[in-house]
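Trainee: Could you walk me through this model, starting with its pockets?
Mentor: Gladly; let us look at it together.

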Amino acid sequence: MTRLGGTGGERADRIGDEDGAETVAWDVAGAVESLADLWSLAAQAAVLRLSPHQLRALRVLQAAPGLNLTGLAEQLEIGLPTASRLCDRLEAAGLLERSLHPRRRREVRLGLTVRGRRVLDDVATRRAQALADVLGAMEPDDREALRRGLRAFAAVREAPASPPADES
């Protein structure tokens, strides 16, 4: 990872806190970048190579079958013309199908084809295997520490925000 301002150790020397949140954040950011690379490479090894945007669109449609083009564009935070072209490419590849809404004639619903679901399954399998390979190379104590750390991170991240203290 390219670290702005130096490596975590250099930053720790400057701030005088080797285990401080900022230093750990730099270490975690490096690990996340490594994980993102692993994730991307595993996806690119799939039977059918998809761009990150195409893969994300398929995942959105997997989670929300029957979504219309406007809904997909909103979920992906892209414009309607871009979403339409993306769907054109996915449909041409046999991964997405469009169908008319049963009650709203002007609305087109989007859904994955069987091939689209298989491609997503293939990507998920490859990603899980790549991650398992890396985790398998770690010491058991390190794996357990990682698990505990990720659980603690998720718990703090998901915890509701504390209400502001009463200043009366």
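**Pockets and packing**

Mentor: The largest pocket has a volume of about 650 Å³, where a pocket is an open set of points on a 1 Å grid over the protein atoms alone, each a place where a 1.4 Å probe fits, with protein on both sides within 12 Å along at least five of seven lines, and a volume is the space filled by probe spheres set on the points, which are joined across faces, edges and corners. This is a predicted model, in which local features need pLDDT of at least 70 and side-chain atom pairs count only at pLDDT 80 or more, while totals for chains, interfaces and linings use all residues. Residues are numbered from 1 along each chain as its sequence is written, and side-chain values use heavy atoms, with hydrogens and water left out.

Trainee: Which residues are closest to the centre of that largest pocket?
Mentor: Ala31, Val32, Leu35, Leu146 and Leu150 are the closest of the 18 residues that line the largest pocket, a lining residue being one with an atom within 4 Å of a point. Helix H2 (21-44), helix H6 (114-137) and helix H7 (140-158) each give two or more residues to this lining, helices being DSSP runs of H or I with at least four residues, numbered from the N terminus.

Trainee: How does the lining of the largest pocket divide by class?
Mentor: There are 13 nonpolar, two polar and three charged residues, counting Ala, Val, Leu, Ile, Met, Phe, Trp, Tyr, Cys and Pro as nonpolar, Asp, Glu, Lys and Arg as charged, and the others, Gly among them, as polar.

Trainee: Changing topic, at what angle do H4 and H5 pack?
Mentor: The angle between H4 and H5 is about 105°, and their axes are 9 Å apart; axes are lines fitted to C-alpha atoms over the stretch in contact, with angles running from 0 to 180 degrees between N-to-C directions. H4 and H5 are therefore roughly perpendicular, a label for angles of 65 to 115 degrees.

Trainee: And which residues meet there?
Mentor: From H4, Leu69, Thr70, Leu72, Ala73 and Leu76 meet Leu80, Ala83, Ser84, Leu86 and Cys87 of H5, contact meaning heavy atoms within 4.5 Å. Eight of the residues in this contact are nonpolar, two are polar and none is charged.

Trainee: Where does glutamate 77 sit?
Mentor: Glutamate 77 lies in the loop between helix H4 (69-76) and helix H5 (80-92), and its phi is near 55°, a positive value in a residue other than glycine.

Trainee: Is glutamate 77 buried or exposed?
Mentor: Glutamate 77 counts as exposed because its relative accessibility is 71%, and exposed means over 50% relative accessible area with a 1.4 Å probe and protein chains only.

Note on methods:
Buried means under 20% relative accessible area, exposed over 50%, partly exposed in between (1.4 Å probe, protein chains only). Angles under 35 degrees count as roughly parallel, over 145 as roughly antiparallel, 65 to 115 as roughly perpendicular and the rest as oblique.
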